[in-house]
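Please load the model in your viewer and keep the selection panel open. The stops below are meant to be taken in order.

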Amino acid sequence: MHGPFCSIIPPYMLRRLARQGAPEFSSAARAAKEALGHVESFRSARAQSVQGAPAGVRQAKPGPPDRSIFDANSSEILPGTLVRKEGGPPAGDPAADEAFDGLGHTHRLYADVFGRNSIDGRGMPLNATVHFGRLYDNAFWDGKQMVFGDGDGEVFERFTKSLSVIGHELAHGVTQHSAALVYRNQAGALNESMSDVFGALVEQYVRNQSAAEASWLIGEGIFTPEVEGRALRSLKAPGTAYDDDVLGKDPQPDSMDTYVRTSADNGGVHINSGIPNRAFYLVAESLGGNAWDSPGRIWYEALTGGSLPPAATFRVFARATVESAVELFGSGSPEHDAVQLAWETVKVKL
C-alpha cells in the first residue's frame, strides 16, 4: 500500500533555497533543486488519497519493535544495504544508530501511551534508509518506510539528528493506516499537523518533559549554525521558528484570521498546519502536566476513532476532538473546556 509522499522540508523552503546565488550556498542551492525535483516527481506518481485500516479497528496488544536500518550509500535506490537490525549491535554510523533509536522511541510512545501495535496497529516492521542521495535535503515517509538524507552541510544537517523529525514522519504512517487524510488543502494541513503533534510528543515522552518544559519545536538541530532559526516549525508560536536571509521567514499562521489560501504545497499543507498545531499546544498548556496524557489521548482518539472523512476540514476535526474529550473525560470537564477554548482561540468555528 502506498500513501502520499510526505516530506519534512516544505517545497516553498526548497524553492527559496534553490534560487540562492551566493557562492557560500552553492551546494545548498544545488541540493535544494534536486530535492525539489524529487518531491514533484514522487507526488505526481502517487494518488492523493490512500485507503488505510478499516475505521475503528482496535489493534492487538502491542508487541516489541521490529526495526531494520538500511544504507542507500548516496544512491536513491531503496531500501539499500542492511546495516542494523533488531537485536543486533550498533552500526557505528551516527545516522543509522539515530534512526534505529528514533524508530524505537516512536514505537514506545504509541505502545505505552496509546496501546497501538506499531504504525499500522498490526505490528508493522519499522524500516528506515539513511544516506539517501547525495547531500539530500529532506526526510520522508514513502508509504512503507522512512528515508533520511544527509543534508547539504551549508543549511541543513543530517535529518536523523532530530527525534521530532523521525516521529513526525512515522506519524504520517499512523494517519495513513487510520484516518487516511488526503494530502491536500485543510485535510492535508491536518495530516501535517498530526505528524507535528505526535513528533513533538515522541520527543517530550523520551525526555520526560512536561508541556511547560518542552520546546514545542519540530526539526530542532537540523539547521547549521549559518541559519537564523531554531527549527522548521513551532507549535507554541507558529510563524516564529526561523527568520533567515536565505530561507526567509516562517510563514505559518496561528489562527484562521491569517489562513493562507494558495495552490502551492498541495494547498498550503505545511503552512496552514500551524493553526491546528497551536490548538493542540493551547490544550496542553491549559491542562498542564504531560502533553501525551490527556491532550495526546484526545487527539489520538479523534485521529484513529473512525469518524474522520478523508477530506476532513479543520472544523470537522475540531468537532472530533471535542467529542473525544467528552467521551474520555465528560461534558464540562477541564479537558472538554480546554479543547473548546483552544479552537475558539485559533478561530476555528465548532
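**Before selecting anything**

This is a predicted model, in which local features need pLDDT of at least 70 and side-chain atom pairs count only at pLDDT 80 or more, while totals for chains, interfaces and linings use all residues. Residues are numbered from 1 along each chain as its sequence is written, and side-chain values use heavy atoms, with hydrogens and water left out.

Helices (H or I, at least four residues) and strands (E, at least two) are DSSP runs numbered from the N terminus.

**Stop 1: residues 179–348**

Select residues 179–348. UniProt lists this span, in an unreviewed entry, as "domain: Peptidase M4 C-terminal". UniProt positions are given in the numbering used here, feature names are shortened, and annotations may be inferred rather than shown by experiment.

**Stop 2: helix 7 against helix 10**

Now select helix 7 (residues 274–287) together with helix 10 (residues 334–345). Their axes are 8 Å apart and the packing angle is about 145°. Axes here are lines fitted to C-alpha atoms, for helices over the stretch in contact, and angles run from 0 to 180 degrees between N-to-C directions. The crossing of helix 7 and helix 10 is right-handed; a crossing is left-handed if the near helix is turned anticlockwise from the far one by less than a right angle, and right-handed if clockwise.

Show side chains next. On the helix 7 side the contact includes Pro-276, Ala-279, Leu-282 and Val-283, and on the helix 10 side it includes Pro-334, Glu-335, Ala-338 and Trp-343. Contact means heavy atoms within 4.5 Å. The residues of this contact divide into ten nonpolar, two polar and one charged. In this scheme Ala, Val, Leu, Ile, Met, Phe, Trp, Tyr, Cys and Pro count as nonpolar, Asp, Glu, Lys and Arg as charged, and the others, Gly among them, as polar.

**Stop 3: salt bridges**

A salt bridge is a side-chain nitrogen of Lys or Arg within 4 Å of a carboxyl oxygen of Asp or Glu. The count by this rule is six.

- Select Arg-158 and Glu-98, whose side chains meet in a salt bridge at 2.7 Å, N to O. Arg-158 lies in the loop between strand 6 (146–148) and helix 4 (163–176) and Glu-98 in helix 3 (residues 94–114), so the pair ties together parts 60 residues apart in sequence. Arg-158 is partly exposed at 26% relative accessibility, and Glu-98 is partly exposed at 24%.
- Select Arg-233 and Asp-196, with their closest N and O atoms 2.8 Å apart in a salt bridge. Arg-233 is in strand 8 (residues 233–234) and Asp-196 in helix 5 (residues 185–207), 37 residues apart. Both Arg-233 and Asp-196 are buried.
- Select Lys-347 and Asp-257, a salt bridge with closest N and O atoms 2.7 Å apart. Lys-347 is in the segment after helix 10, and Asp-257 is in the loop between strand 10 (248–249) and helix 6 (265–268), 90 residues apart. Asp-257 is exposed at 57% relative accessible area.

**Stop 4: backbone geometry**

Most residues other than glycine have a negative phi, and most peptide bonds are trans.

Keep Lys-347 selected: this residue has a positive phi of about 65° although it is not a glycine, and is partly exposed at 43%. Then go to His-131, in the loop between strand 4 (126–130) and strand 5 (139–141). His-131 has a positive phi of about 55° and is buried, at 17% relative accessible area.

Which two residues does a cis peptide bond join? Select Leu-78 and Pro-79, where omega is about 5°. Pro-79 is in the loop between strand 2 (67–71) and strand 3 (81–85).

**Stop 5: two contact sets**

Select Pro-310, in the loop between helix 8 (294–304) and helix 9 (314–329). Pro-310 is partly exposed, at 40% relative accessibility. Not counting residues up to four places away in sequence, Pro-310 touches Ala-179, Ala-180, Leu-181, Val-182 and Ala-187.

Finish at Glu-203 in helix 5. Glu-203 is buried, with a relative accessible area of 6%. Leaving aside neighbours within four places in sequence, Glu-203 is in contact with Ser-162, Leu-163, Ser-164, Ser-215 and Leu-217.

Definitions and conventions:
Buried means under 20% relative accessible area, exposed over 50%, partly exposed in between (1.4 Å probe, protein chains only).
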